[in-house]
Amino acid sequence: MDVKPFNLSSIMSIHPVTQAAMRSFDKASDPRLTEVMSLLVKHLHAFVTESQLTKEEWMQGLEFLTQSAAITDADRNEFSLLSDVLGISSIVDVVSQPVGGTSSSVLGPFHSQDSRWMDNGANLAGDQDGVRAWLHGRVLDVQGQPIAHAELDFWQNADNGLYPAQDPGQDPYNLRCKIKCEADGSFNLLTIRPNPYTVPTDGPVGALLVTSQRSVWRPAHYHVIVSAPGYVGLVTELFPQDSEYIDNDTVFGVREGLIVPFTPCQNTDVAERYGLTQPFLEVNFDFHLVKAP
Ligand code: BEZ
Ligand code: FE
């Protein structure tokens with residue numbers, strides 16, 4: 001039998017306080033809770049030790065969390081924003097992503113559960129400002145076969161860079177919809193080109209970004225949730241390749257496969273269908289879903 005050598009030095013280097021705090025979760029009813037909490041304690045203690053954190057710094061940290069709690073309510077979650085700007089939301093995405101499908105990306109705070117169902121081909125742009133963009137593509141499996149009648153949940157910001165929740169002048173349902181794709185997996189809709197956007201800066205997380213001389217901007221993006229029975233749901237984003245901040249997203253959501261060209265479109269059928277008289281853009285993207293285990 002293969003016996004692993006006992007790594008004495010790694011055990012010896014863990015302080016008894018850390019060992020005791022890690023082992024305090026041994027009796028949790030769920031073994032996964034034991035594993036996650038003891039590893040969390042281990043790495044937090046390692047952070048304190050390696051940075052030689054002072055008592056004053058730790059009190060500052062607790063004050064930061066207290067301020068975050070004070071500003072958090074049903075509509076505004078400062079802890080979620082903290083997770084985003086520390087890259088934790090993104091790295092959780094990366095480690096939990098099934099192999100082979102379209103990359104996932106952050107959900108963000110502006111998703112709405114009660115978006116309206118619209119017919120495939122919907123016109124979300126109406127008469128609002130913004131360069132018209134025709135978004136179309138298919139929902140496929142990882143072998144490239146169409147997934148019939150997959151569902152899309154789509155949302156984005158308006159030409160002024162704001163989401164409806166930030167802008168009383170916008171209808172709450174503006175530039176968002178749910179669509180059922182066709183039997184061949186295809187979908188299309190008319191919308192506008194999205195715009196770069198700053199994360200909320202009026203709380204402690206914004207203050208941290210400013211003090212750290214970090215950008216508060218996200219590049220322009222569409223948000224899409226793609227789902228179909230029997231497949232792992234996908235929460236993702238599409239980024240115009242020429243967007244400002246594409247290389248410096250403050251929440252680290254950009255993945256190579258999600259950067260797309262917005263190309264000038266000459267399709268007269270599309271122009272006629274939506275009554276477009278100005279030049280417009282085309283975005284063509286296929287989403288690939290992984291079968292549920
Ligand atoms: C957004 O996509 O709108 C967003 C994502 C993370 C944090 C803040 C905003
Ligand atoms: Fe967003």
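1. Tyr-197 is buried, with a relative accessible area of 6%; buried stands for under 20% relative accessible area, exposed for over 50%, and partly exposed for what lies in between (1.4 Å probe, protein chains only). Tyr-197 sits in strand S6 (residues 197-198). Helices (H or I, at least four residues) and strands (E, at least two) are DSSP runs, numbered from the N terminus.

2. On the basis of the note: this is a predicted model, in which local features need pLDDT of at least 70 and side-chain atom pairs count only at pLDDT 80 or more, while totals for chains, interfaces and linings use all residues. Residues are numbered from 1 along each chain as its sequence is written, chains are lettered from A and ligands numbered from 1 in the order in which they are written, and side-chain values use heavy atoms, with hydrogens and water left out.

3. Which residues does Tyr-197 touch, not counting residues up to four places away in sequence? They are Phe-110, Asn-157, Gly-161, Tyr-163, Gln-166, Val-216, Trp-217 and Arg-218, where contact means heavy atoms within 4.5 Å. Between Tyr-197 and Tyr-163 there are 34 residues of separation in sequence and 9.4 Å in space, C-alpha to C-alpha.

4. Tyr-197 and Tyr-163 are also among the residues around ligand 1.

5. Arg-218 has a polar side-chain atom 2.7 Å from an oxygen atom of ligand 1. For His-221, a polar side-chain atom lies 3.0 Å from an oxygen atom of the ligand. The side chain of His-223 has an N or O atom 3.0 Å from an oxygen atom of ligand 1. The protein covers 99% of the 260 Å² of accessible area that ligand 1 has on its own; accessible areas come from the Shrake-Rupley method with a 1.4 Å probe, and for residues only the protein chains shown count as cover.

6. Arg-218 also meets Asp-249 in a salt bridge between side chains (2.8 Å, N to O). Asp-249 lies in the loop between strand S9 (234-240) and strand S10 (259-260) and Arg-218 in strand S7 (residues 217-218), so the pair ties together parts 31 residues apart in sequence. Arg-218 is buried at 4% relative accessible area, and Asp-249 is buried at 6%.

7. The structure holds 9 salt bridges, each a side-chain nitrogen of Lys or Arg within 4 Å of a carboxyl oxygen of Asp or Glu. The side chains of Glu-151 and Lys-180 form one of them (3.1 Å, N to O). This pair links distant parts of the chain, with Glu-151 in strand S3 (residues 151-155) and Lys-180 in strand S4 (residues 176-180), 29 residues apart. Glu-151 is partly exposed at 28% relative accessible area, and Lys-180 is partly exposed at 42%.

8. Glu-78 and Arg-76 are joined by a side-chain salt bridge (2.7 Å, N to O). Both residues are buried. A network of salt bridges links Arg-76, Glu-78 and Asp-202.

Technical notes: Near = heavy atom within 4 Å. Polar contact = N/O pair within 3.5 Å; in protein donor to acceptor, adjacent residues only side chain to side chain.
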